[in-house]
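Reader: Hi! I'm new to reading structures, please walk me through this one.

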Amino acid sequence: MMEQTAKRDFPKIDPSLLRTDPKTGLAQDEVKHRVEQFGENRLKDGQTSALKKLLSFFWGPIPWMIEVAAILSAVVQHWSDFAIIMVMLVLNAGVGFWQEFKADNAIAALKQRLAPDARVLRDGAWSDLSAQGLVPGDIIRIKLGDIIPADCKLLSGDYLRVDQSALTGESLAVDMNVGDEVYSGAIARQGQMTAMVIATGMATYIGKTASLVKGAGKKSHFQRAVLRIGNFLILITLGLIALIMTVALHRGDPLMETLLFALILAVAAIPVALPAVLSVTLAVGAEKLARMKAIVSRLVSIEELAGMDILCSDKTGTLTQNHLTVGTPVLIDADDEETLIRAAALASEVDSHDPIDRAVFAILGDPAKLDGYDVSAFRQFDPVRKRAEAEVTHDSKSIMVAKGAPQAVLALLCEDEASDIESVAAYRPVMNAIKIMAEHGYRALGVAQTDHDGNWRFLGLLPLFDPPREDAASTVAELRRNGVDIRMITGDHEAIGREVAGELGLGQNILPADTIFDRNNQARDPVLMERADGFARVFPEHKYAIVRQFQDRGHIVGMTGDGVNDAPALKQADIGIAVSNATDAARAAADLVLTAPGISVITSAIEESRRIFERMGSYATFRISETIRVLLFMTISILVFDFYPVTAVMIVLLALLNDFPIMMIAYDNADVAQHPVRWDMGNTLTMASLLGAIGVVSSFVLLWVSETWLHLPPEEVQTLIFLKLLVAGHLTIYLTRHKGFFWQKPYPNMKLFLATEITQIIGTLAAVYGWFVPPIGWYHALVVWGYALCWFVVAGVIKVWVYRLLTHRHQSHHSHLTRVEGSLHHGR
């Protein structure tokens, strides 16, 4: 596989362009020249022009129906109908284009904020720059957790282990050496090396061999359910319209006018805007989350965030400050504290961002204490070996120093790999010291050094303490009030976990991961795991197993992570959350990327996601009820009473005036549920059908009153019904906003309120003064308003009563399941 991929055909690059000085890198003037020559370091995304995208909204089943309706109107010379239908065609295209344009822009802005950076050497100085700005010849540094930003040739460094599985199909990480090429998109699993960029953008291996497919991504449960409803309503609409046409033609109605009416009714009844409104609602919500320092990388994950009931949170850096402080050193085989601290500093990097290295240099104080000690080779800490090592020259003699997890450092003292660390003389005093430290919430950092004969000596331990974040306890309490259970995940000893958990108000049942899982990472006792408050001594593979186990028990699971080894668990979780300062690999695998430290932002993100969920639910309920209300009323009127209650023009006006309030639902104020929410199709269909049925009954009562009591001519009856359908339909938006009475909070957003009321006023003026419809005057218009408001109150009372019945039924069912599950656990 490697041989095949190595023989790829690069565009010919002048070798002189790649003769960059590895010590200074490229100059800024040269960078500008190469950007002009090679372009930006990004793959072509196949974006279509704005004009082409706009024209696409005039092409498709729904636009075709509107266009045919316009042609038929012109053929029968109904010019007012033709004008309004053309306005509807242009407006539908404009609204659709605007919605998609806004959603695309929001997604593009979020992707830009998630774009990876690269550590680049230019003009003799290292800096972090956007990977998009790399050019051939740039000198970059690749370290553990980086996604390699361009095709590169390795120049210097000890070693680099690279995961190229996504590119070459190789399942195992590959060890790279100086002179080897690494490909854009691969992940650095271990080590650190300096490299030169040799190809960027479409000239890279991934650019030449992989086509970038623009996909919508995985649809959420909510989207799949709503689209199924939409498809069902389309079939019902087409079936009923076919029935209307058959009966009308059988009665001898004119063919052209019957076909025109049927087409317009189909356009008005089919919920064509359903997917677009959902996308805009999610995009608007994602923009708001981004302002809260939480960037959504997959829009549909907002639904999972709203339903998340368990959050597995890393301790270090998420619940704690990730600002380590070194306590009083514990000497084991060191002559003094200075020797121990100096060895630890030599096994650290002075310019590193690693918090342990920073803590070590903080306690070292004056860097002059390291004068005379030259580090000739350095091997970084990695999650597998769990230690860092350095080869140091002092007084013309070579020694080795190491620092890391005490067990990993003790392993250096073993005579051979088969030996057990318990056989080492220092084992018992080290373990006793670690136990005492852990009881006081300290982590232990082991330090060792070789003597002049090359034998390792365990010098001692540095106690490290990472205090909880100031807002962590309040955040935990707030998450619990919102129905989210937090499980702490830490690689530290369980005693340290309990100490931190106690300060945060979490439970003390912190269990070691190896007592929960067997060698195959299968839970020994799922019930025991369910009852745990957290997990200690956790390795990356345990995180994945924890997520899977909770998911298997029916939970929607969130997982926080920051390292390259967290990526599988982040990908598996329903909501993978990359915390601030996470590696590129973790950010790429996550659904939500936090740009502010800690998890307090998650609380805000959960609340906003639940608002978004409520908006989508209210729109789905409104759209379904409207389709039922209009279509069922029209069908029964035509088939049973042989009367067209509204004209084709009125249907077009209704559709036009409905578009504006619908667009504003994405901005509406919404309730924040105090518990995780899940999509309940049964409740939505029940409420939508109920409101639709109430609308049908109220429309027939008005039809009967206008003919029997008011003795209005058929043309004015149609205008009366048109105004009623408009006013009552818009009022239904207020009914579907939340489960309470319409006068209760949250009140409608001003955008939604103004859009709803202005369109109602426009429709009323059209009915009063006869714009495109026969006039009915102010008296009858006010009668319709009063009638619609009375039914609005009645429907609101019925809605609240039914919701309470549904809630009571759900709670009874839930308590029954809880009792059954409890008895099963007891039986075990």
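This is a predicted model: local features need pLDDT of at least 70, side-chain atom pairs count only at pLDDT 80 or more; totals for chains, interfaces and linings use all residues.

**Getting to know the chain**

Author: Let's start with contacts, meaning heavy atoms within 4.5 Å. Among the contacts in the chain with a separation of 6 or more, 70% are between residues 24 or more positions apart.

Reader: What average pLDDT does the chain have?

Author: The average is 82, where pLDDT is the predictor's confidence in each residue, from 0 to 100. A score of at least 70 is reached by 86% of the residues.

Reader: Where does pLDDT stay under 50?

Author: One such stretch is residues 1-12, for which the model has 23 contacts beyond four places in sequence. Residues 820-828 also have a pLDDT below 50, and that stretch has five contacts in the model beyond near neighbours in sequence.

Reader: How many helices and strands are there?

Author: The chain has 29 helices and 22 strands.

Reader: New topic: which residues touch the most other members in the largest nonpolar core?

Author: They are I85, I264, L265, V646 and I721, in a core of 71 residues. A nonpolar core is a set of buried Ala, Val, Leu, Ile, Met, Phe, Trp, Tyr and Cys residues joined through side-chain atoms within 4.5 Å. Helix α27 (residues 714-736) gives the largest share of this core, with 12 residues. Apart from it lies another core, of 36 residues, including A294, A472, V484 and I577.

Reader: What does L265 touch?

Author: Leaving out residues up to four places away in sequence, L265 touches I241, I244, L631, M634 and I651.

Reader: Back to α27. At what angle do α27 and α28 pack?

Author: The angle is about 175 degrees, and the axes of α27 and α28 (residues 750-769) are 10 Å apart. Those axes are lines fitted to C-alpha atoms, for helices over the stretch in contact, with angles running from 0 to 180 degrees between N-to-C directions. That makes α27 roughly antiparallel to α28. As for the cut-offs, angles over 145 degrees count as roughly antiparallel, under 35 as roughly parallel, 65 to 115 as roughly perpendicular and the rest as oblique.

Reader: Which residues make the contact?

Author: Among them are F722, L723 and L726 of α27, and F753, T756 and T764 of α28.

Reader: Is T764 buried or exposed?

Author: T764 is buried, with a relative accessible area of 6%. Beyond residues up to four places away in sequence, T764 touches L723, L726, W778, A781 and W785.

Reader: What joins K745 and P746?

Author: A cis peptide bond, with omega about 0 degrees. P746 sits in the loop between α27 and α28.

Reader: What about H711, what is its phi?

Author: Phi of H711 is near 50 degrees, a positive value in a residue other than glycine. H711 lies in the loop between α26 (681-708) and α27, and at 60% relative accessibility H711 counts as exposed.

Reader: One more helix: why is α14 called largely enclosed?

Author: Because seven of the 10 residues of α14 (residues 355-364) are buried, α14 is largely enclosed by the rest of the structure. Those buried residues are P355, I356, D357, A359, V360, F361 and L364. Their cover includes α13 (337-346), β14 (397-404) and β15 (443-450). After α14 comes G365, with a positive phi near 80 degrees.

Reader: Last one: how far apart are T316 and I489?

Author: They are 173 residues apart in sequence, and 8.8 Å apart in space from C-alpha to C-alpha. T316 lies in helix α12 (residues 315-319), and at 28% relative accessibility T316 counts as partly exposed.

Terms used: Residues are numbered from 1 along each chain as its sequence is written. Side-chain values use heavy atoms; hydrogens and water are left out. Buried means under 20% relative accessible area, exposed over 50%, partly exposed in between (1.4 Å probe, protein chains only). Helices (H or I, at least four residues) and strands (E, at least two) are DSSP runs, numbered from the N terminus.
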